[in-house]
Amino acid sequence: MTFPSVTVTSFEVAEQYLVREPQQFDSVLSINDLDQGSKPPHGFEEFQGLKLVLFFDDVVDTRFSYTPPDLEDAKKIVAFARAAKERILIHCAAGVSRSTASAIAIPAVRMAARSVNADSIMRWLREVRPVARPNPLLVQMIDSLTGWNGRLSKACASHFNTSGSQAWT
C-alpha cells in the first residue's frame, strides 16, 4: 500500500515552498485564520496547479468568538482530496491541527475501498508531520463524509490524544 506524497507545514514554510520551489507540488490547500487581513501565503495566487484556500479558526466550538470549521469547509477539503494530484502541499498557521486534520482526507478518500485501516492512516500522518495534533471536529466531519463511520475519529483520538471537547487557538 502506497500513501500519497503530502507535505504538511506551517504558513511560513509553505510560503517559502510556493515562492522558491512551487514546481515541487501540483496541488495546494491553504488554510488560514479568519482574522481580518488574513490571506494565503505569497506565491499561492501565482501557483498554477490545483489550489483551494479556506478561512476558519483552529477551534472545535464557537466559544471566545472564534469560528470553527463547518460542514461546507469539510466538503471542500474532501473534494480537494479527491481532485488533488500526487504532490500535495497543505498548510495552516502552525502546521499542527487544521492542516493535519485536512491531510487525513487524502488517504481517506483514496484508500477507503482498499484494505487500509484507520490506524495505518494515523501512523502515516505521524510520519508526515510528527507534531500533528489534528483538529477533532474537522476529523469527525471528514470521517463522516468519506464513509469511515467513526473509525478515523476513534483512531485519531487514540493516536493523538484528541477529543471533541478540546479547543485550542
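## Helix α1 and the sheet

Helix α1 (residues 11–20) lies across β1, β2 and β4 (87–92), and runs at about 125° to β1. Contact here means heavy atoms within 4.5 Å. Axes are lines fitted to C-alpha atoms, for helices over the stretch in contact, and angles run from 0 to 180 degrees between N-to-C directions. Helices (H or I, at least four residues) and strands (E, at least two) are DSSP runs, numbered from the N terminus.

This is a predicted model, in which local features need pLDDT of at least 70 and side-chain atom pairs count only at pLDDT 80 or more, while totals for chains, interfaces and linings use all residues. Residues are numbered from 1 along each chain as its sequence is written, and side-chain values use heavy atoms, with hydrogens and water left out.

## Strand order

Four strands form an open sheet. Their order is β1-β4-β2-β3, and the pairing is parallel. Two strands pair if DSSP finds at least two bridges between them. β1 and β3 (50–55) are the edge strands, each pairing on one side only. On average, neighbouring strands of this sheet are turned by 10° against each other, direction ignored.

Strand β2 (residues 27–32) pairs with β3 in the parallel sense. Six bridges join β2 and β3. S27 has L50 of β3 as its bridge partner.

## Around D26

D26 sits in the loop between α1 and β2. Is D26 buried or exposed? D26 is buried, because its relative accessible area is 17% (buried means under 20%, exposed over 50%, partly exposed in between, with a 1.4 Å probe and protein chains only).

Which residues does D26 touch, not counting those up to four places away in sequence? They are F47, G49, L50, K85, E86 and R87. K85 is 59 residues from D26 in sequence, yet the two are 6.1 Å apart in space, C-alpha to C-alpha.

## Helix α4 and its cover

Helix α4 spans residues 118–128. Its buried residues are A118, S120, I121, M122, W124 and L125. What covers them includes β1 (5–10), α3 (98–111) and α6 (151–160). At the start of α4, a side-chain oxygen of N117 comes to within 3.1 Å of the backbone nitrogen of D119.

A132 lies in the loop between α4 and α5. A132 counts as buried because its relative accessibility is 7%. Leaving aside neighbours within four places in sequence, A132 contacts V96, T100, L125, R126 and F160. S99 is 33 residues away from A132 in sequence and 8.7 Å away in space, C-alpha to C-alpha.

## Nonpolar cores

In soluble globular proteins, nonpolar side chains tend to be buried together. A nonpolar core is a set of buried Ala, Val, Leu, Ile, Met, Phe, Trp, Tyr and Cys residues joined through side-chain atoms within 4.5 Å. The largest one has 43 residues, and I121 and L152 touch the most other members. α3 gives the most to this core, with eight residues.

Not counting residues up to four places away in sequence, L152 touches I104, A108, A118, I121, M122, V139, D143 and T146.

## Two positive phi values

Most residues other than glycine have a negative phi. S65 has a positive phi, near 65°. S65 is in the loop between β3 and α2 (71–83). S65 counts as exposed because its relative accessibility is 73%.

N149 has a positive phi too, near 55°. N149 is found in the loop between α5 (136–145) and α6. N149 counts as exposed, at 68% relative accessibility.

Technical notes
A polar contact is a pair of N or O atoms within 3.5 Å; within protein, one must be able to donate a hydrogen and the other to accept it, and residues adjacent in sequence count only if both atoms are side-chain atoms.
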